[in-house]
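Hi everyone, thanks for coming.

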Amino acid sequence: MKIFKIENQTPLEVWLGVGVGESHSNYGDPGGRDLLLLGQSCASQEQLLEVTRGQRSPCSLTFGQLACAQETWFQDLQDDFLISLYSCLASKPPTAADPEQSILFFSKYDTRKLLASLTVFSQQVPGIETPPVLFQWLHEGLGPFLVDPQVFGCLCAKDVSCEEFQLVVAALDRIYSQLPVEEQRNLYSGIKHFLIQDESSQKCYSEAVPSLNSTAWFRNFLGSFLEHATVEDLQLFGDEPTLQKFARDPVNMELVGKLTLLRETALYYTLLLTSAPALPLSSLPDGFICYLSPGAVRNLSTEEVLGVAQRLGKSCPWTRGTPGGRVPSSLASHQLQVASSLLGNLEDFSPAVLAALGQAVLGLSVSSIQNIPGEHLEAALPALGSVRGWSPEQSRTIINKLLHSGYQILDGQSLAELGTLVGGLNSSTLWSVSPEVVVEAIQLPGFAQHIEPLPSALKRILVEKVSSRVGHPAELVKVIPNALASYIPKSLLVFGEEEPNLQDLNNKPWTRDQAAMFFGDVVKAEPDFSRLSQSVLQGFTCAAASAVGAERFQELAKAMRKKKVRLGQDQLSCLLRMVTLHGIPEDLDSYPKELLLFLSPSDYAATGSCRQFFTNVGEANVDVLPREDPQRQRLLVEALECLEVPGTQINEENAEVLGRLVCDLSGDYIRSSRGRLLKDLGQCGSFLPEQEEAIRDILSTGNTTFGPPAAWSAFTLSQLSRLIPVLDHSILQQIPKKALTTWLRNFSWDSHLSREELAAVVTELLPRRHKRADADCPAELKITDAVLDNDMMPLYYTPEELRACLRNVSLENHFSQIFTYPFSIPQLAVLKEYLYKRYPNGFPENLLSSLGPLLPYITPEEISTWKMSSADMLAAFLKTEPSDSLASAAIRRYVELGNALNATALDAIGMRYICLLNSTELQAIDPPSLRLASLDPSACSQETKNVLYQKAKEAFSDQHHLPAYYELILPYLGGAPAADLKALSRDDVNMNISTFVNLRKDSLRNLTPREVQGLLGMHLPELAQWQNRSPVRDWIQVQKQSELDQLHVGLTGGTQEGYINIVTPKFPATSSAPLKTVATAFHLLPALLLSVLMLSILS
């Protein structure tokens, strides 16, 4: 419950209750609401009288006992009873029953007594009418009375007038911006309940009542809470003529101009302004211009078109989509439809018109672009090249028109002038541009900012062009733009004798592998580690850090904490070893939190308590350790012991301490915590099957703050968005279709859900039983450019309708868009069917990068017929992350057609698919190509590792004498012969243990203990943890124990002096050799040993 005093009231202090969407007329009815408290012991009249006489403390009665007491007994209570009751409840944790009990209690409480009590209460708190005090009360003061701040249920029962209610809204509106979004939504739900008690009409507007006829209704009765109103809500607040009056009221328009309405609400509000009788578009505030409907911009003059276009470009975001294949921005999708409709008014696209359209030029269809003369496009190029958000199809068409009309890229200025259109260049065209032209262009400020959205293949070509003309790493780092920095091959970042420029390195966004190449050079040259950027510090290597003194090393580690550097498991293991070289420091909180993942609370004792230890662990990136890692599992066990968790029940406070460790809790903990962990589980990236089952079980019961699925709203789904992928059909089918649709239209595009996860929701909204498809597409479902620009397209078509409406429609100019839409599986099957009919002889190159959603329907046999004619095509297809069988088929087809496995192809194959190459394909790799590619064959067969090591050794042979050579050859060491490993052991490489145990077994067995010590360096003590596991165990067994003892790490199992270790061969478990044969072998063993001994003596 919340209590506050509103200004200018005499006296109106209101207890705010819950019960949104319910009628409260029978709350005092013992046969109605009281049934909710069945089994609850009720306060007796005698107990209440004792409280009144001061013979019993109010604290001796629970809120539930009071709520179910008879209404007449409350008449004897003194006015200060509520004050005493509040003091009792303030120290008790809230319970799920509080909302229901508070409504029941206050519906029975006499109104006069209630107001008198509240007057006393308000007089005890000076300044109660001010927003800060109200805010404090809302959050801290009266939580025990009301867990869920959905309010105003009791106001209806207390006959609060609309005029008084308006003051309540005004008071809450003043603290709106300080409230969390969830509380804003809950309060809005309560406001709506008060205004619409019977879900049919609202009660606080009447033209006939002077005090209720103001059209500034949105400001008066919703205020900033209008941000949470859906279209359906608005339609409950009035009919369309009434809403038009509200929408056009200047006070309301000023309010809405400052708010961020739900997408669909903003579109509807703008429609109210632009529908007949429409406001002139010139008088429409900028805040509404982004939400115009396509119909509102038809039949305009050229002057009006250009005026609207300029305002659209100035006021609206034009982002087409997000990296990683996520669905496009829904607002941007709508703007494209509006821009397309707007440009439909124009017949002549002169250079002046094209330039004046600004961002609205994105509304041009590919067919429209093809009809514009090339000289017009060239004349408008300075303006077109500054437009953000061209689709690949649009930019490709414009570039082709320019080149065919004679445009030439002869210098840096002519390349830079393409601006954002440069992505329309194909690889062959860019390869034909001279390196000098590229170097000149990237140094022009305007061009560098347009490189970011380029396809990866084009970025790699630009880097190769620049690096072929810039010979020194320091110069390369200086001239390369930030957008290309991560594409510089590692081998080109080896400085050698050249001194790096710290400022240039600090300003670039490097990958971890890149930064490792120059990290050693930087830490040697930089006296103040705090000057190093996060990007540079992430390149931390043991080999480089070992050259830093112990005191300076601690400074380095602390700098990493301040810069929030994210390190890998091997890096952290080395960092911890060096930080604790002389014992565990007492100021562990000054070092990266991830170090605690490798420690225990006892190690932290000098710094703080175990609770503080696990608070820091919970805030760390626990995903550094795999979920199945024993160390991570041990941390969870120790955390539960530290927090003294009873059984399997986790409360909110403990969940906050556990942080990311909550993601490791088993299904039993999730179930026992009865929904309290759902919010915390929302931070987890993935779940185990048993965790998913437990989450579904909890949500299905309806006994959570979200209620049963059948009562969920779009706001509920928004709160649950990260858990939506866990929901199965049994839950999704219970959610009201209206809620799912509203969520999709307003919230889904800002969620973290993938296209596939959104498609699961779309599937629930499509009819289960499809009607037979008509021969023709219904007129209202005709697929136009506007439809193809609409990210909600999957909602409008059943599979049969989609099949019928795709006939005679070309999708070629929309591939990059439509395959990001959340089509259901049956709809995707229709799209695949369409593509194979449309392109029977193979897919066009511009389609391959968009095929991701269709991969489950493509077979290796089909890929074997494709025209995989370039490395760019291979890269485009592999970027969609196909299965191994599909990727292997694509690589095989690429090689069959005579294409080389050059750097572009190898970079596309990358770490994920390198193990799929067969021996013929491996031998076809030209060693110099490895200098420009990033591969990691550590998971491949030994044969593959051996071949690639020899090629990598040849590729980096000219850098063999440099310290950075180890970082270059590191991914390939699994194929290194013993001789090369022996040479590395003399270079202080500090090889991590995970690399060591993946070396060739025959090479490892030939290393001496001293050579192993030279390889591992500071990681040598970790060898003891592996001594009972292969391959370390096998290596130990062929070493002299005396030499192992000299390592001082506790290794046992080596050969004793005067003894010969016989390594017992491992016979297959399924061997069918007769027992007699095995017994004979053992009988021959003494003779064998004697023979060996005699031979050694004779020699």
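Let's begin with confidence: pLDDT is the predictor's confidence in each residue, from 0 to 100. This is a predicted model, in which local features need pLDDT of at least 70 and side-chain atom pairs count only at pLDDT 80 or more, while totals for chains, interfaces and linings use all residues. Residues are numbered from 1 along each chain as its sequence is written, and side-chain values use heavy atoms, with hydrogens and water left out.

For the protein chain, the average pLDDT is 83, and 83% of the residues reach at least 70. Residues 320-330 stay under 50, yet the model gives that stretch 39 contacts beyond four places in sequence; contact here means heavy atoms within 4.5 Å. Residues 1065-1099 are also below 50, with two contacts beyond near neighbours in sequence.

Now to the helices, which are DSSP runs of H or I with at least four residues, numbered from the N terminus. Which residues of helix 44 are buried? Within residues 737-746, they are A739, L740, T742, W743, L744 and N746. Buried means under 20% relative accessible area, exposed over 50%, and partly exposed in between, using a 1.4 Å probe and protein chains only. Those buried residues pack against helix 11 (231-237), helix 14 (263-274), helix 42 (714-719), helix 43 (729-732) and helix 45 (755-765).

Next, two helix pairs. Helix 34 (residues 550-562) packs on helix 35 (residues 569-579) at about 135 degrees, with the axes 10 Å apart. Axes are lines fitted to C-alpha atoms, for helices over the stretch in contact, and angles run from 0 to 180 degrees between N-to-C directions. The angle therefore makes helix 34 oblique to helix 35; under 35 degrees counts as roughly parallel, over 145 as roughly antiparallel, 65 to 115 as roughly perpendicular, and the rest as oblique. At the contact, F553, Q554, A557 and M560 of helix 34 meet L575, M578 and V579 of helix 35. By class, that gives six nonpolar, one polar and no charged residues. Ala, Val, Leu, Ile, Met, Phe, Trp, Tyr, Cys and Pro count as nonpolar, Asp, Glu, Lys and Arg as charged, and the others, Gly among them, as polar.

For the second pair, the axes of helix 53 (residues 884-896) and helix 54 (residues 903-913) come within 12 Å and cross at roughly 155 degrees. Helix 53 is therefore roughly antiparallel to helix 54. Here D884, A887, I891 and Y894 in helix 53 meet A905, I909 and Y913 in helix 54, and the classes are six nonpolar, no polar and one charged.

Let's finish in the loops. Y205 sits between helix 9 (181-195) and helix 10 (217-221). Is Y205 buried or exposed? Its relative accessibility is 15%, so Y205 counts as buried. Beyond four places in sequence, its contacts include W217, T242 and F246.

Most residues other than glycine have a negative phi, and most peptide bonds are trans. N299, however, has a positive phi near 60 degrees, and it is exposed at 76% relative accessible area. The peptide bond from A276 to P277 is cis, with omega near -10 degrees, and a cis bond also joins S1030 and P1031, where omega is about 5 degrees.
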